[in-house]
2 protein chains.
Amino acid sequence: MATGRTHRPATRSRGIPEATVARLPLYLRALTALSERSVPTVSSEELAAAAGVNSAKLRKDFSYLGSYGTRGVGYDVEYLVYQISRELGLTQDWPVVIVGIGNLGAALANYGGFASRGFRVAALIDADPAMAGKPVAGIPVQHADELEKIIEDNGVSIGVIATPAGAAQPVCDRLVAAGVTSILNFAPTVLTVPDGVDVRKVDLSIELQILAFHEQRKAGEERAAEGTGPTAATRGKESAKQGPDGDVPAVMPA
Amino acid sequence: MATGRTHRPATRSRGIPEATVARLPLYLRALTALSERSVPTVSSEELAAAAGVNSAKLRKDFSYLGSYGTRGVGYDVEYLVYQISRELGLTQDWPVVIVGIGNLGAALANYGGFASRGFRVAALIDADPAMAGKPVAGIPVQHADELEKIIEDNGVSIGVIATPAGAAQPVCDRLVAAGVTSILNFAPTVLTVPDGVDVRKVDLSIELQILAFHEQRKAGEERAAEGTGPTAATRGKESAKQGPDGDVPAVMPA
DNA sequence: CCATCTTTGTGCACGCGTTCACAAAGACAT
DNA sequence: ATGTCTTTGTGAACGCGTGCACAAAGATGG
């Protein structure tokens, strides 16, 4: 019953591993920087350092795209920029709608990284009638009633959800029904979508919680092996004068 | 030469796999929702569905924390909330500073998900003198000159960078020098940090590019096997009338 | 107290991703 | 033309993460 895939199909696209696809934008950014500095060629070692990855991994990643390097020399920067852009589909124009123009939605609308890579903000949509017509990032906000029409008229296939958690699933359903097949979700909710629709999630709170986990572990280890370095973790522990159990009103059965 | 780890140490904390740690916040969110609805117990199957994961995976994840379930019954919701919170270090107070109060920084400051889980915005910091004193989300913005003092006074060990790309590395260096050991980076740059400092990256542009890749693949497959469903991808292709090569001025050697 | 039924916890196998290490390929100098 | 030197591309090994499938554990009813 409604066993819609909640996560990416990960069907191993053509032969390019998902992990590699996730790194291509990283390489592309590093290459673009080199291109702007008019650097003609770059070795796997240099580029890997710039992208923050292992050079062997980078070479293997590129090998999935084809043999675009020259042995003894390296990779032609401009050519590689083009090849990766094409592989990622950035040589075409992707109209995008952003739904939910609160603080985050506005930030996204103003984010320069979108337009720079083939993405075009086709419309900003919000459920609040008071927002309608108000320009954000130079684009007038449209009411949610227009959602279906906007998507059809602009041929939008990528939607960004920046609504409160409660509104996310209904908005998602409407987007999908109107023809959107890729969704970037900023709302802290698990979205359920039919097969064939990709969902990627960006969750600020989760990232912080992961950091807290490692931070706690570091603090614990430091306390165990005293005097590693009186930096900040210890002070942090001081000011947050609160035992590991704190004041959480948890029911502890057994 | 400055071979600082750019990525997470991933030293396999105590025995809890990194992949499991990344899912714990997901489980915690689902459990919190159940708790608010006063649901006393939940089975791995139900909870897995709510969190959008496989039930076997969930059980294995929990097995790393200990045997907190009761066979034939399931898991006690309140107890599990407490255990996961403790494991993630959320039972203590984590003061956080946000550097760079532009659109994104303001959105983060207003984000409710922070305060709800032990995170407390200790300060907002911006390099623009005009911003100083101006309240954002009820907190007055402080000038970047105060950065070191703020971090020391509040025992901050987690910093959020929401500056433009160019400012990110210098800000990062100052944060680390002042004692911050965990950084959440929203700037589109690879940060270089010394060992022992964790960096997590959230990159809006990269997420969109990954979506574009899959979107392009879907469009290609659909074109190959005609008439799968006249939803939107085809329309998207129509309006974006532009060949796969587009107008990119790339130099094509060889 | 015993039988049955539900649900956990986990051993095992498989596949993906990462890394090493090296042969092949080409540039460059002589 | 030949040798040397640099750097790519990749075969192979390894380790982690995932999912299956089932035995053990406990609740529940008679």
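Gly100(A) touches Gly105(A), Ile125(A), Asp126(A), Ala162(A) and Thr163(A), leaving aside residues up to four places away in sequence; a contact here means heavy atoms within 4.5 Å. This is a predicted model, in which local features need pLDDT of at least 70, side-chain atom pairs count only at pLDDT 80 or more, and totals for chains, interfaces and linings use all residues. Residues are numbered from 1 along each chain as its sequence is written, chains are lettered from A and ligands numbered from 1 in the order in which they are written, and side-chain values use heavy atoms, with hydrogens and water left out.

**The annotated stretch in chain A**
- An unreviewed UniProt entry lists Gly100(A), Ile101(A), Gly102(A), Asn103(A), Leu104(A) and Gly105(A) under "binding site"; positions follow the numbering used here, feature names are shortened, and annotations may be inferred rather than shown by experiment.
- Of these residues, Gly100(A), Gly102(A), Asn103(A), Leu104(A) and Gly105(A) are included in the lining of the second largest pocket (on a 1 Å grid over the protein atoms alone, a pocket is an open set of points where a 1.4 Å probe fits, with protein on both sides within 12 Å along at least five of seven lines; lining residues have an atom within 4 Å of a point).
- Gly100(A) sits in the loop between β4 (94-99) and α5 (103-110) of chain A (helices are DSSP runs of H or I with at least four residues, strands runs of E with at least two, numbered from the N terminus).
- Gly100(A) counts as buried because its relative accessibility is 8% (buried is under 20% relative accessible area, exposed over 50%, partly exposed in between, with a 1.4 Å probe and protein chains only).
- Ile101(A) belongs to the loop between β4 and α5 and is buried, at a relative accessible area of 5%.
- Beyond four places in sequence, Ile101(A) touches Ala106(A), Leu124(A), Ile125(A), Asp126(A), Met131(A), Val136(A) and Val141(A).

**Chain A as a whole**
- Chain A has ten helices and ten strands, and 50% of its 254 residues count as buried.
- Among contacts in chain A with a separation of 6 or more, 56% come from residues 24 or more positions apart.

**Ser85 in chain B**
- Ser85(B) is placed in helix α4 of chain B and is buried, with a relative accessible area of 12%.
- Setting aside residues up to four places away in sequence, Ser85(B) touches Leu28(B), Leu90(B) and Thr91(B).
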